[in-house]
Amino acid sequence: MLKILKYSFYDLMRSRWSYVYFAFYLLLGMVLLFLNNNLSKAVITLMNVIIVLVPLIGTIFGVMYYYNSKEFTELLLAQPLKRSSIFLGQYFGVAISLSMSLILGLGIPFIFYGLFKSSAIWDFSLLLITGTFLTFIFTALAFNIALSYENKIKGFGFAILLWLFLAIIYDGLFLMSLILFEDYPLDKLSLVGTMLNPIDLSRTLILLKLDISALLGYTGAIFKKFFGTNFGLIISFTTLVIWIILPILRIVTKSKKKDF
Amino acid sequence: MVTIQNLHKSFGKNTVLKGLDLTIGNGGIFAILGPNGSGKTTLIKSILGMVIPNKGSIAVFGESTKHQSKYRHQIDYLPQIANFPNNLKVKELIKMIKDLRGKTELDKALIERFKLTPFLDKKLGNLSGGTKQKVNLVLTFMFNSPLVILDEPTTGLDPIALIRLKDLIQIEKQKGKTILITSHIMSFVEEVSDEIVFLLEGQIYFKGSISDLKTKTNQPDFEHAIASILQENHA
């Protein structure tokens, strides 16, 4: 698997898109720092961008890479390699190179701005960690979709739909259900609802860490009570890890049954 | 060497292989023939484990191929359409496959045979179809495995390269290898193959030597013998 990972990684590192992605984050980091003139504020703005954009890029990139490297995959399938190592190698190659673009692209401007001397370093690290988690989750989901649909257009369509659902529609439905059932106690429901969507979970984690949960009112207090504790933090990260493991398991089983 | 029993495969509603039985012995050149869509490539890909059969068993060198990958060390495969990652150089691709599969020194002689030296530093995306096929041939033959599977090996080759390929196939046969070939070029098949396996509607219609086929169909030459089978079954 490591050899495939290495080749996929190098392949991506040489492709234009990794540089575009890296440069985008570099620019974003610099502009935000310049406009906010404050590390903590820049982190908050950045969170809003990352929470939506990282999943999108992970999804698109994952699907695109899978379809583009189809020929390469077929070449590998005829070699004495396990199917799981071929696809996991490719998956980790994509996920790691995307995460690296994210971490380096944002890290460099923040480090130059004096991140290490600032108290925002923990918030910023949390931001990068959740960004990395989201990259791994959505790349895995994208690989799942691409493995399931031979037709590129369908694959892209479903991938975008998935992103749209988790990033936007889910929140809408969630909010509507909260309004609809406002007469009932909704603490548990909203906690579970947040846990089930990796984007919401990441957002909540960062928001609470940034200590602006006061803005969230009563719900914020409940959330703070849960996510603020070590227990809540462990549960949240476990959920994120499960969000990575389940799609990866499906990549393995799906790829074993597929015809090429 | 290869034993296939009761192999079934369908893609959705399209049933391609219907209970195919085939035994391929040690050594010699076997041509797998059949009309378009008769299941030649599906059969080959099943042997390679790229297509998962619905039913039936395949054994290569006496071992079942189901969920295995190591047996492919014994197989060299030339895919039908030479599709390679376009942004790799020829040199890099050869190096990569060696890295994945194991050391070999045979690539140099093969590069020399197909006169590929001037193309080594070119990207695969910029090569012509015929040159890609030559690269494909180098990648296939460089591991010296006892079972060689060639899917349409003549595609895109110029006459000189074709002669070199035929020589190469004969040399490999002398080493005692088993070579499976599919091709639509009947003259090529007639020239190189020892035995014919004729697929029709997902089953083996005929297996034997070319002369057997001629007597069976009562036709003086090979091309007409094949044509008569097809006519009989489609009329």
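The model is predicted.

Two packed helices are described by the angle between their axes and the distance between the axes. In chain A, helix α3 (residues 39-68) packs on helix α6 (residues 121-148). The angle is about 25 degrees, and the axes lie 7 Å apart. Angles under 35 degrees count as roughly parallel, and α3(A) and α6(A) are therefore roughly parallel to each other. The residues of this contact comprise 19 nonpolar, 6 polar and 1 charged. The crossing of α3(A) past α6(A) is right-handed.

A second pair in chain A joins helix α7 (residues 152-180) and helix α8 (residues 187-196). Here the packing angle is about 175 degrees, with an axis separation of 11 Å. Angles over 145 degrees count as roughly antiparallel, so α7(A) and α8(A) fall into the roughly antiparallel class. From α7(A), the contact draws on A:Tyr170, A:Phe174 and A:Leu178. These residues meet A:Leu189, A:Ser190, A:Gly193, A:Thr194 and A:Leu196 of α8(A). By class, the contact of α7(A) with α8(A) holds 5 nonpolar, 3 polar and no charged residues.

Chain B provides a further helix pair. The axes of helix α4 (residues 129-141) and helix α5 (residues 159-174) of chain B come within 12 Å. They cross at roughly 10 degrees, and α4(B) and α5(B) are therefore roughly parallel to each other. On the α4(B) side, B:Lys134, B:Leu137 and B:Phe141 make the contact. On the α5(B) side, B:Ala161, B:Leu165, B:Leu168 and B:Glu172 take part. The contact of α4(B) with α5(B) divides into 5 nonpolar, no polar and 2 charged residues.

The two chains also meet each other. Chain A gives 23 residues to the contact, and chain B gives 26 residues. The area buried between chain A and chain B is about 2200 Å². Carbon and sulfur atoms give 57% of that area. Within chain A, the residues that lose the most area to chain B are A:Leu75, A:Pro80 and A:Asp259. Together they account for 25% of what the chain A side buries.

Side chains of opposite charge can pair when their charged atoms come close. Over all chains, the structure holds 19 salt bridges. Between chain A and chain B, the count is 3 salt bridges. One salt bridge links A:Lys6 with B:Asp99. The closest N and O atoms of A:Lys6 and B:Asp99 are 3.4 Å apart. This pair crosses between chains, running from helix α1 (residues 2-13) of chain A to helix α2 (residues 90-101) of chain B.

Notes. Residues numbered from 1 in each chain as written. Chains lettered and ligands numbered in written order. Predicted model: local features only at pLDDT ≥ 70, side-chain atom pairs only at ≥ 80, totals over all residues. Heavy atoms only, no water. Axes fitted to C-alpha atoms, helices over the stretch in contact; angles between N-to-C directions. Helix = DSSP H or I, 4+ residues; strand = E, 2+ residues; numbered from the N terminus. Parallel < 35°, antiparallel > 145°, perpendicular 65-115°, else oblique. Left-handed = near helix turned anticlockwise from the far one by under 90°. Nonpolar A, V, L, I, M, F, W, Y, C, P; charged D, E, K, R; others polar. Contact = heavy atoms within 4.5 Å. Buried area = accessible area lost by both parts, 1.4 Å probe. Salt bridge = Lys/Arg side-chain N within 4 Å of Asp/Glu carboxyl O.
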